[in-house]
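Biologist: Could you take me through one part of this model in close-up? I would like to hear about the aromatic residues and how their rings pair.

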Amino acid sequence: DMKIDTNVPIPERIRGKKGSQFDALVSQMKPGDSVEFPWVKDENGNVRRIGKSTNKYSKGGQQFKTYLAKKKIKSVSRSSETGLRIWLI
């Protein structure tokens, strides 16, 4: 049986992180600067793909693109052999 608890306060909802891992990075960048995020590799050292597509996967790159979009910072990205490069424009 499950134990029923009474008078347990509901904690405040956490709305996003206080700051982002990318705040400091973006604050040091200016238009034309870029950062390369490496491709994610599987246990065999092969570059991981997104689902069944041929698109390569970079977790950090995807997170950075999402961060920039939410902050309405314009950027452009290109794939290379080693990773996903993202430029501020």
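Modeller: Phe64 is buried, with a relative accessible area of 0%; buried here means under 20% relative accessible area, exposed over 50%, and partly exposed in between, with a 1.4 Å probe and protein chains only. This is a predicted model, where local features need pLDDT of at least 70 and side-chain atom pairs count only at pLDDT 80 or more, while totals for chains, interfaces and linings use all residues. Residues are numbered from 1 along each chain as its sequence is written, and side-chain values use heavy atoms, leaving out hydrogens and water.

Phe22 sits in the segment before α1 (23–27) and Tyr67 in helix α2 (residues 59–70), 45 residues apart; helices are DSSP runs of H or I with at least four residues, strands are E runs of at least two, and both are numbered from the N terminus. Phe22 is buried at 9% relative accessibility, and Tyr67 is buried at 11%.

Phe64 has its own partner: the ring centres of Phe37 and Phe64 are 5.3 Å apart and the planes meet at 40°, so this pair is tilted. Because Phe37 belongs to strand β1 (residues 34–38) and Phe64 to helix α2, the pair ties together parts 27 residues apart in sequence. Phe37 is buried, at 11% relative accessible area. Ring pairs link Phe22, Phe37, Phe64 and Tyr67 into a cluster.

Notes: Rings of Phe, Tyr and Trp (its six-membered ring) pair if their centres lie within 6.5 Å; planes under 30 degrees apart count as stacked, over 60 as edge-to-face and the rest as tilted.
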